[in-house]
Amino acid sequence: MGTRRFTAYSAKHLDELLRRARLDEEERLKVRAVATVLPFRTNAYVVDELIDWTAAPDDPIYRLVFPQADMLPADDVARLAGLLRSGAPAPELQAEANRVRQGLNPHPAGQMDLNVPRIGLDPVPGMQHKYPETVLFFPKQGQTCHAYCTYCFRWAQFVGDADLKFASDDVKQLAEYLKAHPNVTSVLLTGGDPMIMGEPVLKRYIEPLLEIEQLESIRIGTKSLAYWPQRFVSDPDADATLRLFEKVVAAGKNLAFMAHFTHPRELEPDLVATAAERITGTGATIRTQAPVIRSINDYPAAWEVMWRRQLTLGMIPYYMFVERDTGPQDYFAVPLVRAYEVFRDAYAAVSGLCRTVRGPSMSATPGKVCVDGVAEISGQKVFVLHFIQARDPALVGKPFFARYDPNAVWLTDLRPAFADRFPFEQIPQNTRLSA
Ligand SMILES: *Cc1c(COP(=O)(O)O)cnc(C)c1O
């Protein structure tokens with residue numbers, strides 16, 4: 001297993017894989033119908049080492065990567081399944097899938113327009129500059145992953161619709177932008193998954209950043225440690241990748257490996273421990289994050305076990321997120337009050353060394369909002385919240401309140417308490433960091 005080369009399983013392997021979960025023909029057709037709308041991709045490691053097939057389709061790792069028949073409205077699924085059953089021409093199937101997709105909020109939090117940085121008047125593609133000190137960069141060759149999570153908020157980037165994609169291969173433009181904005185101290189390479197890129201390509205993005213003096217940290221957002229740890233152990237470019245990481249550290253930059261782990265089982269294989277040891281051996285740090293997802297990790301023990309195991313592997317727990325308002329969110333949504341309880345109970349059970357984690361946090365348009373808890377103030381039950389990050393730094397770290405609502409799943413469901421407006425509703429509409 002350790003020496004096999006990476007190969008992806010895609011929608012054309014779906015029917016065969018679904019038989020392994022003992023789905024009957026009708027159920028398989030429905031899942032395939034969903035997979036015409038939402039992207040599907042996995043690999044042999046996830047299928048053979050992580051999924052417990054005796055528990056599928058209820059197994060949490062199965063649910064993490066395989067589409068479910070009820071992820072989309074039943075009438076949409078029935079119509080798409082009908083087209084598949086009758087062998088409808090591909091363009092007809094595509095048109096119907098596109099129509100369903102459009103109804104799914106493919107672009108959360110103003111992703112397409114609010115954060116586009118500019119050089120002069122020209123927008124710089126493949127970048128977001130939302131917080132003063134941090135720039136996100138989406139390398140063009142990093143717009144896929146070793147496997148796709150069913151709950152991914154960036155799923156629109158993985159389907160064939162060019163309008164929904166944004167990425168850049170122009171690292172010179174990024175460097176130019178950074179030189180013109182000396183307040184930016186952190187670059188976050190994201191995607192997709194930048195670690196899908198081979199070392200020769202990854203190097204072309206990273207090396208020019210080492211010349212930017214003010215840059216303190218380079219982060220890589222990735223799920224590769226969970227979905228393909230071979231990337232750092234036995235892949236042909238594993239050693240070269242580690243040398244590249246060493247080079248970042250030698251240049252005096254912090255290399256933060258932002259590892260996405262959703263479920264404790266992803267941390268169990270020895271291969272993950274070996275990969276983590278090799279990565280931290282370069283001087284890089286590994287920080288961990290994931291959203292709370294209904295039916296996959298929405299109970300405290302999942303997080304407690306993850307944080308403890310991460311600590312022993314030399315990783316630093318970083319964020320617990322609330323699932324974003326995109327795609328089939330209803331399907332995975334956890335009420336804010338439940339996300340808070342899961343966080344609190346797990347946090348209370350671990351040592352202070354794990355309590356570097358923050359959350360549950362919503363990455364919303366005005367910034368990252370943390371649910372600190374539920375309190376009763378002057379006889380009114382309220383949510384206590386604060387900004388961990390904000391477009392407007394003046395908002396960071398100041399408590400504010402919302403009326404308690406047991407069904408609220410996102411910031412937009414909340415109403416202010418003890419005030420007419422939320423603090424972030426007082427920012428002028430045209431605030432644009434990157435203008
Ligand atoms: C979370 C996030 C960051 C990084 O924020 P930190 O609090 O520094 O980890 C940067 N940009 C966006 C858009 C984010 O959501």
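Trainee: How do the residues of the shell around the ligand divide into nonpolar, polar and charged?

Mentor: With Ala, Val, Leu, Ile, Met, Phe, Trp, Tyr, Cys and Pro counted as nonpolar, Asp, Glu, Lys and Arg as charged, and the others, Gly among them, as polar, the shell here holds 4 nonpolar, 3 polar and 3 charged residues. This is a predicted model, in which local features need pLDDT of at least 70 and side-chain atom pairs count only at pLDDT 80 or more, while totals for chains, interfaces and linings use all residues. Residues are numbered from 1 along each chain as its sequence is written, and side-chain values use heavy atoms, with hydrogens and water left out.

Trainee: Which residues are around the ligand?

Mentor: A residue is near a molecule if one of its heavy atoms lies within 4 Å of it, and around this ligand stand K130, Y131, T134, L136, R219, Y318, Y319, S363, K368 and Q389.

Trainee: Which polar side-chain atom lies 2.6 Å from an oxygen atom of the ligand?

Mentor: For a polar contact, the general idea is a pair of N or O atoms within 3.5 Å. Here a polar side-chain atom of Y319 lies 2.6 Å from a ligand oxygen atom, one of K368 lies 2.8 Å from a ligand oxygen, and one of Q389 lies 3.3 Å from a ligand oxygen.

Trainee: How much of the ligand does the protein bury?

Mentor: Using the Shrake-Rupley method with a 1.4 Å probe, the ligand taken alone exposes 380 Å², of which the protein buries 87%.

Trainee: Is N297 buried or exposed?

Mentor: Buried means under 20% relative accessible area, and exposed over 50%, with partly exposed in between (1.4 Å probe, protein chains only); N297 counts as buried because its relative accessibility is 0%. The side chain of N297 reaches the backbone oxygen of P291 at 2.9 Å.

How values were computed. A polar contact is a pair of N or O atoms within 3.5 Å; within protein, one must be able to donate a hydrogen and the other to accept it, and residues adjacent in sequence count only if both atoms are side-chain atoms.
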